[in-house]
Amino acid sequence: MKAKKSITRRDFLKGTAGFFLASTGLATTPRNAKAQIKTKVIVIRNMDVINPNSEIQRNILQTMLDEAICRLIGKKEPQAAWQSMFNKTDIVGIKTNAWHYLPTPKELEGVIQQRLTDAGIPLTNISIDDRGVLDNPVFKKATSLVNVRPVRTHHWSGVGSCLKNYIMFVRNPSAYHDEGCSDLGKIWTYPVVKRKTRINILCALTPQFFGRGAHFFDRRYVWSYKGLIVGTDPVSVDAVGAELLRRKRINHFGDNRALDVQPVHISVADKKYHLGVSDLSRIEIIKLGWQEEVLL
């Protein structure tokens, strides 16, 4: 069996300097930065979206997603915003995440599905799936995708991200675990998903900010951030999500407690596969709603 190569700090600094510097607040601004158009990421929070019994309030979550999408797209009404991204004739796969410790909440899947049907897409042309996407009849015919998953630490890729969420679109996911899952961006170039993703949503209601080992879950490292991170650029959304987890580790431990694996795939998706922007200095983070300990 081929030994899994670990990513050292030196490897990370050499291979992903741009992302690392940006994520530590030390990114240098290129001379032509003013001429570069920033990508936009919405971070929205609501202190009441999770009640004292740890139950997600669907109506509040719906309002959060609506506000985020409207601000992102530049529309006043949710239906108009969704209709600008999807056609009534679209066949839509909602790519979720089923990791049992911290899955995509059913409430979030439900509000996305509701907005798609409100936009005129028949329910029969919408499917929600994770591990069965390659054999799902709707996903096989999908013209559009919604990418939604929780943000958390991840044993092989450093962070569980929107980019990582598409690993189920290949028959051999483990083949993409080498080098900190650095080649995840390649999956996004395959016909099954290429140019189909309309919106990326990182669920940051209860993120996991620290972990050690495969399938690690510890409630000590999960907190009620009560937010969503939303954008059309998966690289930028993931860069913001990774930065949120990094800052929470500093807040919790008092230092920048590194992960076993750095999220190199985010920078590689930018620099090698040109899927989006990983440099935080080129990302406009628009923060809406509850601002207490927003961290970003």
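This is a predicted model: local features need pLDDT of at least 70, side-chain atom pairs count only at pLDDT 80 or more; totals for chains, interfaces and linings use all residues.

Trainee: How many aromatic pairs does the structure hold?

Mentor: A pair of aromatic rings is described by the distance of the centres and the angle of the planes. Rings of Phe, Tyr and Trp (its six-membered ring) pair if their centres lie within 6.5 Å; planes under 30 degrees apart count as stacked, over 60 as edge-to-face and the rest as tilted. The structure holds 15 such pairs. One of them, edge-to-face, joins Phe-209 and Tyr-221, at 5.7 Å centre to centre and 80° between the planes.

Trainee: Which ring forms a stacked pair with Tyr-221?

Mentor: Phe-216 does, with 6.3 Å between the centres and 25° between the planes. Ring pairs also link Phe-209, Phe-210, Phe-216, Tyr-221, Trp-223, Tyr-225 and Phe-253 into a cluster.

Trainee: Why does Tyr-221 count as buried?

Mentor: Buried means under 20% relative accessible area, exposed over 50%, and partly exposed in between (1.4 Å probe, protein chains only). Tyr-221 counts as buried because its relative accessibility is 13%, whereas Phe-216, at 21%, is partly exposed.

Trainee: Which charged residue lies over the face of Phe-209?

Mentor: A charge sits over a ring if NZ of Lys or CZ of Arg is within 6 Å of the ring centre and within 35 degrees of the ring normal. Lys-248 lies over the face of Phe-209, 5.7 Å from the ring centre; Arg-152 lies over that of Trp-99, at 3.6 Å.

Technical notes:
Residues are numbered from 1 along each chain as its sequence is written. Side-chain values use heavy atoms; hydrogens and water are left out.
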